[in-house]
Every structure is written in structure tokens, then in C-alpha cells.
Amino acid sequence: MRIEIKALECELPALGGRGTVDLCELLAGLGFPVDAVEQVNGETVLEVDVTANRGDVMSHRGLARDVAAKLSAELSPLAVPALDEGEALLSVRLEDPACPLYATAILELGDQATPAAAQAFLASMGTNAKNLAPVDASNELLHRYGHPTHAFDADKLRGGIVVRRARAGEKLVTLDGVERTLNVEDLCIADDSGVIALAGVMGGDSTKVDAGTRRVLLESAYFEPRVVRAMARRHGLHSDASHRFGRGTNPAFARTGRDLLAQRLMAWAGARLKGVWTAGSERPTAAAIVLQVATLQRIAGEPLEMAEAAALLGRLGCRVELTGDVLKAVPPSWRHDLAIPEDLAEEVLRLRGYDRIPSVLPSLEGYPEPLSDAFIQGQDVSRRLASLGFHQTVTLGFVRPEADAAFAAPDNPAEGRTLVNPLGVEYSVMRASLLASLKSAAELNQRQGAKEVRLFEIAPTYTSTPNGPIETRTLGLVWGGTLGGEDFLTKARPVQVADMLGVLRELGADQVQVREWPGGFLAAEVAMDALPKPSHRVIPTFKPFSRFPTVERDLSLLVDLDQSYRALASEMEARVRAAAGSTFQDVRCVDVFRHKSLPEGRQGWLFRLRFQAMDRTLTSEEVDGWTACALEAARSLGAELRA
Amino acid sequence: MENPLLPSEVIEASAAFPGQVAACTDLDALLRLKGAFVGREGSHAARLMELLKTAPKEQKRDLGAAINALKNQWEEALKSRQGELEEARKRRTSLASAWDPDLPPPLPAHGALHPLNRLMNRLVEVFRPLGYHVEEGPEVETEGNNFDGLNIPEDHPARSSSDTFYFAQHPELLLRCHTSPVQVRGLKRLAPQIEAKGGIRFLAPGRVYRKDEVDPTHSPMFHQVEGLLVGRGIGMHHLKGTLAYAMKALFGEGADVRFRPSYFPFVEPGCEVDVRCPLCGGGGCRVCKGSGWVELLGAGLVHPNVLAYAGIDPSVWSGFAFGMGVERIAMMVSQTPDLRLFFENDQRFLNEMGGLY
């Protein structure tokens, strides 16, 4: 909202002489931060941010009224003579409760000239004067007093006017030249020819005022905010009028607004008043809100006096009644946002200044809850992976359908995960897998020249169900490029599937499939629920361990190139365990040797067996015997001892 | 010590000998030189011994003494040089198994947590000592939790399909546009225990979605951290005290907070909270646009309708809630010029901005 400082001071002389910075701080302290300050033809104009609940401050006088309450200062008296109402010159029928009040007048216009001061003010407001007195005056009044008014060319009206809901399919060309098809929710102004205006939103082209207009019918009404908001949204018509009616105008100002408009037309266009009347009546005043001292003091955090609260609310225009510790306040007709005791408390604190609220740390009343397993697991896995050299990524939850299809399970149809209003097709499906996003991120890094790419993400993936998409917290990993080669001890080599398997084993996800992608990338994905949960034990139960030496024996075997490692290792394990019992610790392959010097179709596997007893040092005879068992097991599967 | 009995070529060779010994830089060369002078056959010494055999009797004594003196002189020089060279070889051998510590060492793999996650982890750490745990809710939400339970009116613009994403096959489901529905879920879940526990307090970090085009300051997905506390007699002073503590814990002792009145449907009273600019300390800089303050979060006392919706009696219980944009704070403290960098996942950015905590 644009506010000209000069015009604001006009409404509240007490502001005079205050610097711009000072004023901006004052407004921000009341809840109206200033987003920008600019100069228009030598006048300082503020861009003031107003929250959606405060339609009443959307004008110079409205803002001045709030500041006046803060400063305990007086607004300038409103310079308008109340016009004497008389007989209706034309029928005005209010058929819908969404328009309870319609103040109007008919005037004959003389020569029109919008005064220079009004033109300058409109320029400050960012609009140009049209040099049509009814239009310019209506605009000026809107910005100055916040009450939207409208003038119809009375000679273009057919018969009397009705405020009613539109009939489905009725058409109206609005002032912006667009033909609009109305529906039964639209509140409209109509005459015998049909709809002539969208109530509170925009006038119609057929009855607009132009240079040839001789007679005008004025409109200064009250329209239900909810109805106006819905119309503005439905027709995409967010006008100055709809902004104000949509947030709630002051019904008590309807007649005054008409009088101000008539007064300006008499002054600017030599207009002669032909008739002044009002259809309908103001709504009954709002109900009283009851504020208990305990509520106020609880919210304020200090023992505020109810008398002070009553005084502050009085300054805001509330009718206040204070009985002991109970305050009753009837909000003024312009404050549609005040409904519950908390609203009143907020007003008291706001006028006192939020900077006066004390600062107190609340005491802990009960036992805090622990962090959830899932949260701790997410943090643990992330830190583990980061210390293993992986970079945590954050990618968008939606992907394009083709990217999703590449990784979605067949029983997870994309339709159940598709948005009806995506930003674009590339953001249209909630992903079934993290891999598509990780793949793009990995490829981006490769294109940027990264020698090695190690990325992971923990985020939900989505599965379609008849009840809607359900989320699974998922870990995705991608690894590719060259390892090592950056120092004098570590040789460069491509990342291998075994590298990824090692990381997965470290995470407790041994069974996860490793995917190989073009570009040398390896990827894996696993539900976080499938990973080990964090233990609640601070320290696990003690298990006795042997203080006697471990004995190792190496067996260098020649095996076929297609020998299954799992089969061979488990056969050896079974036989050695049968012979050695619990002294047998483990057997594992510690080296693979492939060379043309070996017999064709064969490779060398170096196995290491470990033995340890709980109660004695093992003799080399018994260890040799168990090693022989291992060799025998290997031989039974076609392996032989390498020479 | 020139002896006329010695042959002139030996005298010449002997004169050149010390230079030759010094010129030997390895043991092999020294051995070859040794052979040439004092070797068993064909050496200068051997030839001199031949000369001594055939010398006239009266010269033998003098000649013998001269030859011995020469041989001793040669052998001593050879032995001393051999010692030097052996010492040098020992030193080289030991060097071969040692490395200059200034050589670039192999570095352990270098990964990083994402800066947004680091910031959210940090916020959890800041609030943990105050007894806040973490509540997490789904991203796919109902209108009930995302709007109704938060006192957001039926015709609020946020509900429109131009602001919030909805699902094609499930018009009643949407992608949450803030972390506030976790308030509703958390309150509902904990409502039955509220008497026993004496209150509720938690933090809700998470991803949220809004229909904003991608640009340097907008993304259709971003992160928020929501905080909620419900207790007996909770007021604005408690909100201020809590945020004052949290901002100091996050930005340092100089981080004062400032409350300004504002409006959100799910709180009353509502406020915007500014923190004294953590970059300039309040003196005014580019980040705070010279004001000395930066807008950090929205907050307020939980609206009675929100408590009632979750089944908590607002005449007994009251509370406060706050919500902050993680990207906004991350961009502010890091002065990252473009929001998109956080979602691009370039390892150079992640290494620079990330860490293990």
C-alpha cells in the first residue's frame, strides 16, 4: 500500500516534523513495516506492508487512525457536511444479504476539472488522473479514506438497480474491456438491461463515466468480504476496491463516503445534487468481547493494569466497559479482525509496543521426550556417510515422468503420485526412487570435472496406494570416477562394485543390489527402515574375549575363474568349524591373483584362517591339522594348492 | 719425499693418487683404484716389489723402506676413503626407507553434510537443552492438518491450486506448504498425555512445497523448522525468552531479538521476529540493508482454535509457536547469492559449505 507522508500528516498533524526513518520505525512497531521509500514529484511515498487482517488501515486515514491511537493524538476533523437524505429518485433493491447497505446520490455535472493537488496525490499513489471528476474523485477517496465508491453514468442506466447474485451464464464487460461470464456465486449490480457491475470488484463498461457524461449515480456500499474475495479470485480481478472490500470496509463510513464523493463533484465539476438516499441499513454492531485480567496478564507476561488496557482499547475506538477484573469491549465498525479475548490482548501489547514485552525462559514442567529412533538413525547414517567421503545432497521431491519410470517398481504406478497442478512436467511426479535425482546430480558433477563423485541423500520416496501416496524414508547412494592417484602412496584406480559393497556392509545393508550405470557410476538405494536401528544401550553387554594369541594361516589356492566365493568359503568354514570348534575364528579371501602365468581358466585366491582359544596358546600341530581340513574342503570343490 | 731409486712413473702416479681417491664417489670406483695401486698383480705396488727383487744389494734397504712408506701411505688413504663412502652408503640406504614429511600425505576421503541439514541439526541442538524433541510428519498431507487445524479460513489464498500442490487422483491430499501441520499432528498425538507430561514442546524440521517458480530466491521445495510449546500460563514473554536464548545460541551473545506485530491465522497475538544482524552486529551492512536487523521468523501464541482442534482445552493450556525458513537463514549467514546452489549439489559447493556437524 502506498502512503504519501504529506497526506498522512494531513490526517494526523501530530506526525508533522517526524523524520522518514523515525516514521518507518513507528509504523513497523505497529505491525506495518515499510518495504520501500520513494520520491514522487518531491513528495515522499512509502510502500507499507499491511497484513491480510487489517483492511481498516488500507488508506491514509486508516493508518493515521492506528498511529493516532499509539501516539494518543487526535485525527484532523473530517471536512464533510452530511447531506440531507430524501426520496429515492430511482429504485435500488438489495436482494442479497451480502449487500446490506447502499448509499447513493444522483448529481448533474457541469464543467469538469480535477484539481492539481488531487492529480499530484493520485500520482503519488501510482495512478494517473483521468480528468474525469467522478473517476478521479473516487480514486482519491479510496486512497485517502479507504472506502471504495463508484459512479455510474446515470443516463446509461435502464430502469432501477438491483444488487443480486448473478444468473449462471450472465455476461458483463468490465471496465478493463474483458467480457466475463458470471456464475451464481457472483454478487452483481444490475439494471433492466442486465448486469452492470461486479459488486465491490469492478464497474461495467456499458455504464462507465466518460467525457460526455452529464448525470452520475453514486455508489457507496458495504459488501460482504468473503463474497468479494471469492469473486476477485474467480475472475482474477484484484482491484484496489476488491482488496479493500475483501478485507472488510467500514459500513458506518458508507454514507460519509458518498457525501465526500458528492462534495468533490460539486467542487470539481460544478455538480448539482438531484437526490440523496440510502437503501438498506447498517448491520447490528458487533458483540462485546470479554477479556479477563488473567488472560491479559498471562499473554503480556506482566501484571498489566486493566485500566491501562481499557484506555488503550478506547483509543482504538472500542466501546469499553471495565468491571473489576473483567473488561468488555465492543470493537469499532472498522475493526473486523477483533473477535476473541486474545485479539484484544494483542491490541493492548501492540499499542504499548512489543519491545516492552518481558523476556522469560519458560520452566520445564515434565520430562522431555527422547529423540526418535528414526531421527537419530538419519543423523547417524548421514554423519557416517559424510565421514566415509560421501556428500549429502538435497534434491526436489518431484521429477519428470520418464525419470521416475526408469526407477519405479512395476506395482507403483505414477498416476497415484502425480500432481494435478505441477509447476511443469519436469516437476510433476512425486518420485518412487531417489536414484533419478542422484543420477542427475552425479552427472552434473562429472560434467563439472569432478574426478570422483560420492553423493547420498536421505529423503522420502513415494508409493501409490488406494488411499494416496505413502512415504518411505530412503537412503540413496551414488559413487563413481577415480579413487586415489592424488598422493605418492595411493595408486589411481576406478571405483569398483566391491568399494560400494564395502560401504553398504559398513551401513548394515549387505543385501542391497548395486547398480552399475554408464559413466562408471555405482548406485544403491535402501529403505532406512531396513538399516539397523540405533541401540538404546549406552554400552553393550560384556562378552569375554581371549587373551591368548591369534594364530593365522594362509592358504594360496588355484581355483576356476567361475568359482563361487560364497560356496568355497562356506564349505571351508563348515569343515574347519567341525574340527576346530570355537577356536576357529574366521576364514576370508585377502588377495586375488590373476596372471597369464597361471593355468588357463584359473585364478589364485589367498585365504587367511584365524584361530584363537579362550584358555591356552594353540600349538602349531593342531593349527596345521585344521588348515589341512580347510585345504581338503577346498580340494573337494576343485581347488588346488598353488605351487 | 722423492726417492731417486723409485721409477718416475710411480712417482707421478703417487702424486696424482690423492686426487683420484677423492674423485671416487662410490665403493666400486674405490676398489678399482685400490687394485691399480696395491692389488696383488699388475699394480704399482706389485711392480715395485718386482723392482725390489732385482735391485742391487746395497740399494735394497733404502728402496724397501721407500716402497713400504709409499704402500702404507696409499693403504691409509684408501681405508679412510672407504670408511667415508660406506658411511655415505649407509645414510642413503636409511633415507630410501624414510619420506620427507613435507610430501603431500594421502588424505582420508572428504565428505560433507549438506549445509541445510547442518543448520537444521544445529537448531535441534540449540533447542534440545530446553526439552524440545523432534516431531516429523509426512509431506503428503490432508487439508485438515495443513489448513483446517491451523485456523486457516476456507477461502484463504494459500489453499488455492495456484499456491499449493494437490494430487490428481486424490483431490483431498496436498503437499504441505509449511511445517505447521506437524503442530496439528504433534498436538493430537500428545494431547492424551498432556496432563501427565505437564506440557508439550517439540521442533519440527522438514521439507515443504509451494508453487513458486525456480529463481535466485525461490524454489518449489524448501525447508522450515517449526517450534511449538504448550504449557500452563504461557505468554508472549516466554516466546521472547525462548527465541532470545535460541538466537544467542545460534549466532552468539550479540544476537538480540526484536518483536514486531504481525498476523498469521494460527497464532494470536502474532509477531515477526528480527535478530540483530549477525554479520555486522547491528552497525548496518548489505545483508541487513543498513537497518542492523534481519527478519528471521514468524511466531506467536498458539490460537485457541488450533489447540481446540487438536483436543486440548485452551482455557487450561496455552502455548507459542514459531516457524523459520531454513534456506533464508542459510543464505543470510553464508551470504550465498543464489538459492538454487543449495539444490544443485555441486561437490565444490558442498565441500565448501558442508562439514560433519
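## Helix H12 of chain A

In this predicted model, helix H12 of chain A is followed by Gly389(A), a residue with a positive phi near 100°. The helix itself covers residues 373–387, which makes 15 residues. At 1.5 Å a residue, H12(A) should span 21 Å, and the distance of 21 Å between its end C-alpha atoms therefore agrees with that expectation.

Seven residues can be named as buried in H12(A): Gln377(A), Gly378(A), Gln379(A), Val381(A), Ser382(A), Leu385(A) and Ala386(A). Their cover includes parts of both chains. From chain A come strand E18 (391–392), strand E21 (452–463), strand E22 (470–483) and helix H15 (497–507), among others. From chain B, the cover includes helix H5 (115–127).

## A four-stranded sheet in chain A

Chain A also holds an open sheet of four strands, with the order E6-E13-E5-E14 and antiparallel pairing. Strand E6 (150–153) and strand E14 (272–280) are at the edges; each has a single partner strand, so one side of each lacks a neighbour in the sheet. From one strand to the next, the twist averages 20°.

Within this sheet, strand E5 (residues 101–108) and strand E13 (residues 215–222) of chain A are paired in the antiparallel sense through eight bridges. Thr104(A) has Glu219(A) of E13(A) opposite.

## Domains of chain B

Chain B has a division into domain 1, residues 8–96, and domain 2, residues 115–353. Taken over C-alpha atoms, the centres of domain 1 and domain 2 of chain B are separated by 93 Å.

Conventions:
Residues are numbered from 1 along each chain as its sequence is written. Chains are lettered from A and ligands numbered from 1 in the order in which they are written. This is a predicted model: local features need pLDDT of at least 70, side-chain atom pairs count only at pLDDT 80 or more; totals for chains, interfaces and linings use all residues. Two strands pair if DSSP finds at least two bridges between them. Helices (H or I, at least four residues) and strands (E, at least two) are DSSP runs, numbered from the N terminus. Axes are lines fitted to C-alpha atoms, for helices over the stretch in contact, and angles run from 0 to 180 degrees between N-to-C directions. The expected span of a helix is 1.5 Å times one less than its number of residues. A residue is buried if 20 or more other C-beta atoms lie within 10 Å of its own, exposed if 12 or fewer, and partly exposed in between; C-beta atoms are placed from the backbone. Two residues are in contact if their C-beta atoms, placed from the backbone, lie within 7 Å. Domain bounds come from an automatic or database domain assignment.
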